Amino acid sequence: MQHDQVKSYLQNVRTCIGEETFEATLHYAEDANLRFTDNYIHQNAYGDQCLLTVRVQKQGRLGEAFTRQLTEEAIHQAVEKARRIAAQPHAPDIGYPFTGEDEIYHPSHPVRLTLGIDPRDLGKHVEKAILTAGQEKLTASGIIASSKNIMGYISSNAGPISGDFQSAWMNVLLADDEKQCSGWTSMAACDPQDIDSDRLISDALAKVKLPKSEKKIPPGLYRVILDHHAAAEVLALLSDCCFAGSSFHGDGLISEKNKGKQVFHPSLSMWEDAGDPAGCPVAFDFEGVPKQKVSLIERGRIAGAVYDRAAAIKADLRSTGHAISREKPFIVGPSAQNLFVDPGTQNLDEMVELVHSGLLISRFQYTTLIDHEKLVIAATTRDGTLLIENGEVTAVLPNLSFRLSVIDLLQGEVGFDDDRRLMKMGSGFIATPRMFVENFKII
Amino acid sequence: MNDHSPPEELALHALNVCEQLGAAYSDVRSVSTVTEYYAVANGQVVNASDKVEAGMGIRVLVDGAWGFAFCDGFNREDLEKACKRAVALGQIGAEVNRRRVDIGSPVISSGSYHTPVIMDPFAMDIEDKLRPILDATKAMRSVHGIVNATGTMEFIQRDTQFFSNEGSRISQTIVESGAGLAAVAAVSNEVQRRTFPTNLLRQQGTGGFELIQNLNLVENGSKITQEAIDMCSAIPCPQGEFDVIMDPTLLAQVLHELVGHNTELDRIFGSERGYAGTSFVSPDLSTPSKYGSPLINVYFDSTYPGGLGTFGYDDEGVPAQRNDLIKNGMVVGFHTSRETAARIGKESNGCMRADGHHGMPIVRMTNLILKPGEWPLEELIADTDHGILMSVNQSWSIDERREMFDYSAQFGYEINGGKIGRMIKAPTFRGRTLELWNSVDAICNEDSFKVYGLPICGKGEPWQGGPVSHGCSPARFRSLCVGG
């Protein structure tokens, strides 16, 4: 599908709806993924799909319909369904108009063409991992995926507009079944060509080749380096739970009323920037509003939050362009999807030396949010829980269980290394270095 | 009723194309799904949507390697493109893989299946459908101490046609209906949330609106409202070793995580190794493997009436069936697909399902049942000296091999000297999976047997949601580590 086709379909929606108040989003995605386990490709998939979302207002009430088909008949049916819902006396109140001409994205430069996806290129990355694993008498598992997208938006007062974005990511897990340990790494990139599978493989290999330790790690507080994915998970959770829309206007510690207050360690700076080419750039959100750069935390001080139009209007502000797809009703926005974290100046070896005695954790398994106020999470570690002794990474440990408050954790001693890496996290991305924390609670 | 089904001719054309391109095996799934979703809060609708999805998924084996491609809609040109993509992907796998996929003996199924429905939810007025949940949440919110009363309701109709080059020709229509409630109470600086009937989004099953009527939303909304208020003044979870009776609102989810996922054979063989994790269970059935006490008998049954995992045929055309997984505490079977079953010298028992046309089928639980025992619940409580009766899953954390777990429930009650005592808020327990199931010394009888639906079980990359159900009676677990 091309940009003019996306706009044409959206114009069809407008033609079908006529003078009524409406907005519509069309999201087209071409996705390829290649999954492998135990040195064997067990899933190789490719396809394109689209989702048209139509929202109609009638006397302040909202009706919403989705369809994955773009025939004239299908568009007409979606419009009719949205109308039918909006006409119900108990239809949800919306309370605000759809995006207008003064809010919608206006491109200041020609639309960038998307790059193609070639599953053969994805296959080459996987083949490298499998060959390396075979040579080392290990097993390789993981996934490589690539997605190219075109999104369009139209409302009764604005558009149609269209924009494109793309991304790729790869996870590599190398396991030694005899030793019963494993090492895992991950990265994302805007262009599949930029996936550095050599680096991923060597990072995973370094972890799994460590001697295995059966040392008991008793419950307690530990000095821990969170590898990229673990750091990304902690920080993305913080962003989504505390720096998005209505959650920023509550009575909690992280709130609009505490803007400027030093809440976290001064080494922590995190911002949202969907325009930064180091991430996976996106021009506008699912309401057609241009994505703004938003500072969330500046040297440990609360700086701001991201908004969609509903949250912004409620807070008497303007949207920052962070509405997400409404396809899954249990996933509600707004959400920062292109986060960046300031790196530090030390490399990993220097940070390990500084920690002296502690742990290096690759990733978490089954992270559960237990308490929303203090952001208490519980999980186990997996795929590379490494022991740091006398300033060196010496061994790989069995998985450990932990439970801690993310807010308390980031208020203690925090540091970052100089190696910032782009990670896929949920439907978004975060460029983060590894993160050192002081009081990581093992249970 | 959905009218997006493509002509059989189109699907057979796809099979032809795949064969001409060199696929030794091919199947085509056309899926059309209509989903209505409603969310309500305090007597008002806050989300109302209708979603239509339709398209085709093509799966091929080329030189022993899988390729899968999909397209929206039923357009001949798009379908041919998908066929070419699928075969090309299989060729990539064939060049890399050393092991060739074996899917065992041919499966040739022919037939149709339709969920038995009494009240077609898609033929009803929206207002009539919403009435019970609006009334329930409005009444809940009016109670002093309740700050928020919410509910969700969902109706799904999924029309699937399956064709394979082995000769399978299947047509199915699955209808799901479900609803659930949540009450949030705030009393004296304490906030507690109580959900009905479980904490798994909502109670959903295959069937029509009659399933919603059977939930008695207004009555149960009132019940959970009071419980939410009581939870605010409940005592904190004690610490120590306790005998725990888990009622089905909690045990169903424990069964899901600590038996169901562990016995998915694709997981045992490592397909989820990089994502959801593996299983400590061995695929070797020739060596007896103890999983639990002799009281533990678990089976799955994809013919069970009203279950979310109830269908006529799975997404490989294998007929629905019942199979034992654990018998008298010993592992005797797994959830399998054609490929995984062939690896252990068996035939598939029909556990492959995909989320829509764009998902490649993966091994899924269907309806997982822990066979009831002999105890009336009142007698089991009376027989328990130092224990806790726990209800409703709240949160859980499980390690990647599913050997260890950490659970919390929404509430519980002390049991002292065989008598129910004070209410406990957010009781927790943790331990090791095998020790848990080996600690079961009593299971209640059919009288307290319940089946709960889990509308979305997440698995696979890209993520797929799969509907499953679990049935059990309350069971007693001796000397669990509680609290802390």
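## Salt bridges in chain A

In this predicted model, both A:R434 and A:D227 are buried, and their side chains meet in a salt bridge with an N to O distance of 3.0 Å. Because A:R434 lies in the loop between β18 (428–432) and β19 (435–442) of chain A, while A:D227 lies in the loop between β7 (220–226) and α5 (228–242) of that chain, the pair ties together parts that are 207 residues apart in sequence. The two residues also belong to a network of salt bridges, whose other members include A:R199, A:D203, A:K207 and A:D417.

A:R382 and A:D383 form another salt bridge, with their closest N and O atoms 2.8 Å apart, and both of these residues are buried. In helix α3 of chain A, the side chains of A:D121 and A:K124 meet in a salt bridge at 3.7 Å, N to O, the two residues being three apart and so separated by about one helical turn. Here A:D121 is partly exposed, with a relative accessible area of 26%, whereas A:K124 counts as exposed at 52%. Over all chains, the count comes to 63 salt bridges.

## Helix α2 of chain B

Helix α2 of chain B covers residues 76–96, and its 21 residues should span 30 Å at 1.5 Å a residue, which agrees with the 31 Å that separates its end C-alpha atoms. At the start of this helix, a side-chain oxygen of B:N75 reaches to within 2.9 Å of the backbone nitrogen of B:E77.

Among the buried residues of α2(B) are B:L79, B:A82, B:C83, B:R85 and B:V96. The buried residues of this helix pack against elements of both chains, namely β1 (21–37), β2 (40–58) and α3 (119–135) of chain A, together with α1 (8–20), β2 (44–62) and β3 (65–72) of chain B.

## Loop residues and a surface patch

A:Q88, in the loop between α2 (72–86) and α3 of chain A, is buried, with a relative accessible area of 16%. The side chain of A:Q88 reaches the backbone oxygen of A:R84 at 3.3 Å, and, not counting residues up to four places away in sequence, A:Q88 touches A:R61, B:I126 and B:E127.

By contrast, B:I108, in the loop between α2 and β4 (110–114) of chain B, is exposed, with a relative accessible area of 57%. B:I108 and B:G167 are 59 residues apart in sequence, yet their C-alpha atoms are 5.4 Å apart in space.

A nonpolar surface patch of about 460 Å² is made by A:F330, A:I331, B:L201, B:Y275 and B:W463. Of these, B:W463 is found in the loop between β21 (450–459) and β22 (464–472) of chain B and counts as partly exposed at 37% relative accessibility.

How values were computed
Residues numbered from 1 in each chain as written. Chains lettered and ligands numbered in written order. Predicted model: local features only at pLDDT ≥ 70, side-chain atom pairs only at ≥ 80, totals over all residues. Heavy atoms only, no water. Patch = residues over 30% accessible without salt bridge, like charges linked within 9 Å, V, L, I, M, F, W, Y side chains within 5 Å. Areas by Shrake-Rupley, 256 points an atom, 1.4 Å probe, with all protein chains shown as cover. Salt bridge = Lys/Arg side-chain N within 4 Å of Asp/Glu carboxyl O. Helix = DSSP H or I, 4+ residues; strand = E, 2+ residues; numbered from the N terminus. Buried < 20%, exposed > 50% of the residue type's maximum accessible area, 1.4 Å probe, protein only. Expected span 1.5 Å × (residues − 1). Contact = heavy atoms within 4.5 Å. Polar contact = N/O pair within 3.5 Å; in protein donor to acceptor, adjacent residues only side chain to side chain.
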